[in-house]
Amino acid sequence: MPLGCLTGNGRASAVEGCYTYQRRGLKEELFPDLIEEKAVKDGFIPFSEGSLTDGDESSTVGWRGSTLGEIGVDIAVDLKRPYFIDRVVILQEVRRRDNRVTSALNGVWVYARRSVRDGYRLVGRVEASLRGKPITEERISVSVGLEASALIIRLDSFNRDLVLKELEVWGSSPEEPRLFPIPQKMEIDPEGEPFRLAEMREVIIGREPSEDTLFAAELLVEKLLEDFGVEVAVVKEHEAKLCGGVVALGKPGECGLIDSEPNLRVDKSEGYALKIEKERTLLAALDRRGLIYGVEAFLQLLWLSGDVPAVEACIIEDYPRMAIRGVHFGIPPREEIPFIKRMIRYLLAPMRMNTIFLQVTAGVKFDRRPEINEAWGRANRKAALGEAPPVPHGDMISGGSYLTKEEVRDLVEYARKYGFEVIPEIQSLSHVQYLTITYPEIAEAAEGEGRRFYPDCYCPLHPESHKIVFDMIDEVVEVFKPLRFVHMGHDEAYTMAVCERCKGRSRAELYAEDVNKIYRYLRSKGLGMMVWADMLQPFLWYSAPDAIDMVPKDIVMLDFVWYFRLDEDIEDRLLSHGFKVIMGNFYSSHYPRYTARSAKPGVLGAEVSTWCRTDEYTLASKGKLYDFMYSANMIWTNHYSDELRWTMDRMIRRLIPRIRSKLGGRVYPSQAKEREFTVIDLSGSYTSSLVDATGGKGGFDLSTMPKGEAHLGGVPFKLGEGLVIVEGESVKDKRYPSKVTVPVNARLDSLVFLHTCSMKSVRQKVIGRYTVVYEDDSTVDVEVEYDWNIAEWNRRYADPLIHTVHRHAGYIATYTADPLWQGKTATGQDVTLYGYEWINPHSEKTIRAVKVSAGEDTDSALILVAVTGVRRRNSR
């Protein structure tokens with residue numbers, strides 16, 4: 001089914017559809033009169049033949065300025081059936097004259113309707129940033145993000161000649177994507193019957209299965225029991241009963257059922273092939289990773305299919321776009337090891353990630369040099385007491401403490417079971433505060449320099465520096481047993497060539513000498529080396545760009561300073577010098593021109609960094625769990641495009657509730673099969689209408705949301721003509737109360753709050769509270785926290801924070817609250833209502849009321865739209 005550029009434009013096969021040109025707001029035709037359209041048929045232009053949709057930018061159309069005046073023209077697009085429209089892109093011809101760029105466009109407005117029974121409504125727009133100035137970008141992208149069968153693209157002109165090169169409509173059929181990450185090939189058999197889980201009886205493997213096959217088979221059996229309560233056995237092929245539904249899996253040559261299927265082709269490392277029919281599912285792969293990915297694909301198709309799990313008959317052939325698909329985080333605190341294991345099992349492996357870069361610092365016990373751990377722990381304890389500044393990366397690495405070798409080894413081995421290559425990172429040369437606080441004598445410092453708390457670099461010429469580093473390498477290699485690489489850091493070496501030993505030497509010489517010594521030591525152990533690549537780039541004040549010709553070319557470079565040169569492909573410098581490159585600190589919220597850059601020879605893959613404490617709350621509130629998912633799809637599939645952001649987001653939103661449940665070990669009553677709902681009536685508690693008429697409270701406008709009883713995310717709500725809004729006592733121009741009481745009078749397992757807030761805030765700011773009052777007058781406070789379970793009304797869910805200052809935390813993704821309704825205002829603004837399910841710790845008690853109160857030090861008002869209670873039928 002269609003997913004991509006729906007109009008074709010040389011990128012894909014166009015869907016059935018056409019477009020035409022009309023006078024603004026009228027049915028009257030207004031065809032180009034400066035450069036004519038080439039393929040008009042009965043007043044319409046088929047996508048497959050049109051000048052604007054044929055993919056040839058040289059086949060343009062144009063109007064004279066005297067024809068359009070300052071009114072412009074409408075392009076009416078008929079898609080024939082509803083599609084999810086991600087965005088509309090117009091490619092205009094701009095003119096450059098006397099160092100000025102000019103065009104004829106003042107704005108682009110997109111109107112949409114879902115069916116002929118609906119009227120058109122404004123769903124997106126781009127206007128000139130300065131009044132009286134044209135839009136000078138050649139490529140104009142208008143975000144839409146909803147389903148439509150017809151569009152009107154209104155071009156507002158400037159009384160100048162207007163020339164257009166392309167019109168692109170991006171999106172997908174409503175059913176797509178069916179699987180995430182998106183497989184390279186998935187063909188649905190419209191004549192075939194689905195595979196029904198209720199009829200499944202066996203998981204079949206060959207007579208002599210590999211360890212990889214056994215692991216994948218047990219993983220499938222475990223998760224079928226976990227997710228669906230279905231218990232099946234793993235049996236060898238010669239013992240199978242072959243009655244009812246079966247799943248057979250294995251490598252080529254292991255299982256006759258698989259080998260005898262001619263349409264099951266797998267020839268790529270990490271790839272898998274799935275054939276799903278009524279009575280059997282066949283899964284083939286060459287290796288453990290491919291088998292795991294195939295199992296996870298099958299499971300995802302099952303639980304996305306609904307309350308009665310069944311998978312459409314289909315054939316899937318899938319394999320990775322990039323070889324290295326990684327995440328980077330520090331050694332976790334001891335108490336977070338179970339969470340990290342759940343993240344590997346339920347998020348990273350199912351998303352087809354295959355590499356973990358695990359930063360060690362002082363986070364593992366060093367037997368040869370226990371003083372490193374002692375100094376590290378002591379410094380972090382002092383910082384926690386306020387007796388010293390925070391230690392760089394202190395909280396990020398084992399919570400400021402360290403793990404035993406056995407604990408780290410166990411975590412590494414667990415990750416390997418799921419197909420991960422675990423690459424240890426030992427920060428060396430730079431970011432070595434954990435060493436310089438232990439061994440002050442090796443710190444790179446000028447003669448007579450006053451004491452610094454945490455010197456950032458060691459002296460690469462000090463005779464003790466490499467003895468220490470080599471001892472650390474020995475112990476880390478013993479614990480991790482890395483297969484190919486050790487990552488040795490070497491980024492942001494701010495302090496160099498200032499001590500008496502190094503003075504007079506160039507940064508490049510010192511950097512290269514340190515790298516080469518460590519490189520040779522790793523080579524003696526049969527291991528390769530990775531480093532961060534910023535020191536070889538020429539545009540940073542601290543770098544050593546001349547060293548690019550002084551270090552071995554088989555060192556893999558993690559190129560992470562791309563965000564300081566967004567308009568340049570800075571990896572080209574490294575590639576042209578013969579290095580292999582990984583996109584370091586890869587953030588899907590900010591990385592530009594990914595498709596072209598990732599296809600360059602020598603680019604091995606990408607890794608998403610965290611740079612924060614590794615626990616669920618921190619990773620989620622910084623948007624990193626969302627980033628893992630979005631990035632994983634980019635790195636895996638060939639079907640990614642920047643123009644499909646909302647299409648990808650739509651799928652991620654479907655997956656997050658289940659993943660959240662697994663990562664947190666929570667059971668949400670609203671997801672139970674047997675449940676009852678109690679819709680709470682808020683009408684007696686309203687404090688506001690649906691619109692902020694003055695604009696003084698964020699200008700909120702919720703008037704286009706559904707009215708009456710509406711099912712959102714599977715939960716019924718009663719949506720009225722009013723809202724419960726509270727704001728703090730310190731707010732200027734205060735209009736709403738600080739507290740409101742909502743009667744409930746029901747015994748419930750959970751409450752689902754449908755809410756939003758009036759304006760953006762800062763991460764983790766408490767916008768308000770719900771105080772749950774029980775029949776015995778006991779209470780529980782439920783904090784409403786910005787970016788955790790709420791965001792502002794006019795922010796589209798997971799809309800990237802574009803400025804590069806946000807690069808390490810590029811999403812406001814409201815991890816615990818789902819965007820249950822997304823729509824548009826009459827002026828085309830996005831509107832989002834968030835559903836947050838609070839699980840009642842005292843479900844045996846009747847909830848008498850919920851007190852809604854405002855945050856104390858924020859001007860963002862809490863807006864409660866609706867509340868519904870949930871009760872599991874077996875919990876009465």
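By class, the residues lining the largest cavity of this predicted model are seven nonpolar, one polar and four charged, where Ala, Val, Leu, Ile, Met, Phe, Trp, Tyr, Cys and Pro count as nonpolar, Asp, Glu, Lys and Arg as charged, and the others, Gly among them, as polar. The model being predicted, local features need pLDDT of at least 70 and side-chain atom pairs count only at pLDDT 80 or more, while totals for chains, interfaces and linings use all residues. Residues are numbered from 1 along each chain as its sequence is written, and side-chain values use heavy atoms, with hydrogens and water left out.

The lining consists of Lys223, Glu296, Leu299, Gln300, Trp303, Arg345, Tyr346, Pro350, Met351, Leu655, Arg658 and Ile659. Two or more of these residues come from each of helix 4 (288-304), helix 5 (337-348) and helix 15 (645-664), and helix 4 gives the largest share, four residues. Helices (H or I, at least four residues) and strands (E, at least two) are DSSP runs numbered from the N terminus. The volume of this cavity is about 90 Å³, and the search of the whole structure finds seven cavities of 30 Å³ or more. A cavity here is a set of points, on a 1 Å grid over the protein atoms alone, where a 1.4 Å probe fits but cannot get out, and lining residues have an atom within 4 Å of a point; grid points are joined across faces, edges and corners, and a volume is the space filled by probe spheres set on the points.

The protein as a whole has 15 helices and 40 strands, and its C-alpha trace spans about 85 × 80 × 75 Å along the principal axes. The radius of gyration is 30 Å, which agrees with the value near 29 Å that a compact globule of 876 residues would have; this radius is taken over C-alpha atoms, and the globule rule is 2.2 Å times the number of residues to the power 0.38.

Eight strands form a closed barrel in the order 21-22-23-24-25-26-27-28, with parallel pairing, where two strands pair if DSSP finds at least two bridges between them. Neighbouring strands of this sheet are turned by 30 degrees against each other on average, direction ignored. Helix 10 (residues 507-524) packs on the sheet and touches strand 23, strand 24 (485-489) and strand 25 (528-532), its direction making about 150 degrees with that of strand 25; contact means heavy atoms within 4.5 Å. Helix 14 (residues 624-636) lies across strand 21 (324-330) and strand 28 (603-609), at about 170 degrees to strand 28. Axes are lines fitted to C-alpha atoms, for helices over the stretch in contact, and angles run from 0 to 180 degrees between N-to-C directions.

| Strand pair | Sense | Bridges | Facing residues |
|---|---|---|---|
| Strand 22 (355-359) and strand 23 (421-428) | parallel | five | Phe357 and Ile423 |
| Strand 33 and strand 39 (846-854) | antiparallel | seven | Ala746 and Ile847 |

Some backbone details deserve attention. Most residues other than glycine have a negative phi, and most peptide bonds are trans. Cis peptide bonds join Glu176 to Pro177, with omega about -10 degrees, and Phe180 to Pro181, with omega about -5 degrees. Pro177 lies in the loop between strand 11 (162-172) and strand 12 (185-188), and Pro181 is placed in the loop between strand 11 and strand 12. His431, which is not a glycine, has a positive phi of about 50 degrees and is found in the loop between strand 23 and helix 8 (433-436).

Conventions. 1 Å grid on protein atoms, 1.4 Å probe; cavity = no way out; pocket = protein on both sides within 12 Å on 5 of 7 lines; lining within 4 Å.
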